[in-house]
Amino acid sequence: MSTSLSAVRVTDDVYWVGAIDRDLRDFHGYETEHGTTYNAYLILADKVTLIDTVREPFFEEMLARIASVIDPARIDYIVSNHSELDHTGCLPQTIERVRPDKVFASSNGVKTLDAHFHRDLGVTAVAEGESVSLGNRTLTFIETRMLHWPDSMFCYMPEEELLFSQDGFGMHLASDERFADTIEPSLLRSQAAKYYANILLPFSPMVKIAIEKVRGLRIATILPDHGPLWRNDVSRVVEWYELWAAQKPVPKALVVYDTMWRSTDAMADAVAEGVRAESVEVQALRARNHHRSRIAAEYLESGALIVGTPTLNGCMFPTLADVLSYLKGLKRKNLIGAVFGSYGWNGEGIVQVKDALAAMKIPLAAEPVTVQYVPDEAALDRCRTLGREVALKLKGIC
Ligand code: FEO
C-alpha cells in the first residue's frame, strides 16, 4: 500500500494524477460508504496535457502528483471533459498556477464554467469529432451531452487507444488500487451499479448513444473521473452499461416499506414470502434503515417495486415520500408495482403511494392490500397472494 503522493503510470506517457477522498460519506446526497477518487490524467506528449482536475480542497494533492513526474509549469493544455465542481473546483487555481497555452471544453462546457466561476478562464470550445494535436499524440473530442450534464464529453487518444470518459464508467470507491482488475469483482460491480443507478440511470438513452459513438473505436483502456481505471477488461464495464441502459424487466422484486407498530413490517414479510414462493428473488428494505441511494441501486436491478406504508397524519410515511420522490427522478422503465399498508382510521397514505407509482408510470400488478391496525392471519395471506401475483407477472414478462 502506497500513501505517498505519486503519480501512477497508466502507459509510458500517461499518468493518473488525481486525488483520493477516503473520508467522503455524502456526495451531493449520495451515500458514499467507500469514499471516492477524483481522477485527473497527465499526458506527457509533445504538448503536455492535463485531462480534468479535482475537487477544490484536493488541488495541492493533484499538483504534488503531477510534480512527481514533471514540473506542473510545463503543462501546455488542459482539457475539461465535465464542468461539475468535483472535476473543476480547482480549475481556476490550476490555470493560475500552470498558465497553460490552451484550455479546452465543449461549447456547453465553456458556458457552464462561465456560470460557475464568473471570470474569463480563456477556455476554447471544441466541437463533436474535432481533434487537437498534441504533437506526437492526438485527442479527439466526443460530445456526450446529458451524460450526465449538458457539457459532458469524452476524449479519445487513438495512438494508445485510451478513452477518457469523465463520469462514464466511474464509481465512488476510494482504494489504494488504481486498476479495476486488482479489485474484488463483486465490490466493483456493486459500486458500478450504485453509481449508474444514482447518477446515470435517468440518462440511459444517452448512455446508449455514447456507447454507439465509441463502438467503432479500438479501446484498450477506459479512464473515468471516479474510481478504478479499466484496462485489459474494458468490455466488462461496457456490457454492464449496455445491460443497465436497456432497462429490461428483471426477475427480482424490491419491497420498500416502513412501519410504526410492526404491522406494515409483518405485511412486508408476508409479501416477500409470497414472492419467494414463486421462486422469484426478493429484497425487502425498510426505508428508515437504508439510504435512498442504496435503495436506488437495488431498484436498478429489480423488475417490480412493491411499496408498503403506514398512514401518518393523513400522509404516507415520510421516509417513503423521500424514497419515492428520489426514485421518480431516476425514471426507471419497464417495472411493475404493488402497494400495501396498515392504517388506523383513514388509509390516505396507501392511496398516495398508489398515485406516486402511477406518476412513475409503474402499473399495478395486484390489487392493493390494506389492513386496519394489526394484520390477522387472513390479512397476511392476502399479502402472500399479492407477492405471488407480482412474482407470476414478473415471470411472464422476463
Ligand atoms: Fe463526477 Fe458529474 O461529476
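Two strands are taken to pair if DSSP finds at least two bridges between them. In this predicted model, strand E10 (residues 102–106) and strand E11 (residues 123–126) run parallel and are joined by four bridges. Within this pairing, Ser106 stands opposite Val126 of E11.

Helix H6 (residues 204–215) comprises twelve residues and spans 16 Å from its first C-alpha to its last, close to the 16 Å expected at 1.5 Å a residue. Its buried residues include Ser204, Val207, Ala210, Ile211 and Val214. Viewed down the axis of H6, the buried residues fall within an arc of 110 degrees, so they line one face of the helix. Among the elements that cover them are strands E13 (138–143), E14 (153–157) and E15 (162–164), together with helices H5 (185–200) and H7 (234–246).

The count of aromatic pairs comes to twelve. The ring centres of Tyr77 and Phe104 are 5.3 Å apart with planes at 80 degrees, so this pair is edge-to-face. Because Tyr77 belongs to strand E9 (residues 77–79) and Phe104 to strand E10, the pair ties together parts 27 residues apart in sequence. Both Tyr77 and Phe104 are buried. Trp230 and Trp240 also form an edge-to-face pair, with 5.9 Å centre to centre and 85 degrees between the planes. Trp230 lies in strand E17 (residues 230–231) and Trp240 in helix H7, ten residues apart. Trp230 is buried, at a relative accessible area of 0%, and Trp240 is buried at 12%.

Terms used. Residues are numbered from 1 along each chain as its sequence is written. This is a predicted model: local features need pLDDT of at least 70, side-chain atom pairs count only at pLDDT 80 or more; totals for chains, interfaces and linings use all residues. Side-chain values use heavy atoms; hydrogens and water are left out. Helices (H or I, at least four residues) and strands (E, at least two) are DSSP runs, numbered from the N terminus. The expected span of a helix is 1.5 Å times one less than its number of residues. Buried means under 20% relative accessible area, exposed over 50%, partly exposed in between (1.4 Å probe, protein chains only). The arc is that of the directions from the helix axis to the C-beta atoms. Contact means heavy atoms within 4.5 Å. Rings of Phe, Tyr and Trp (its six-membered ring) pair if their centres lie within 6.5 Å; planes under 30 degrees apart count as stacked, over 60 as edge-to-face and the rest as tilted.
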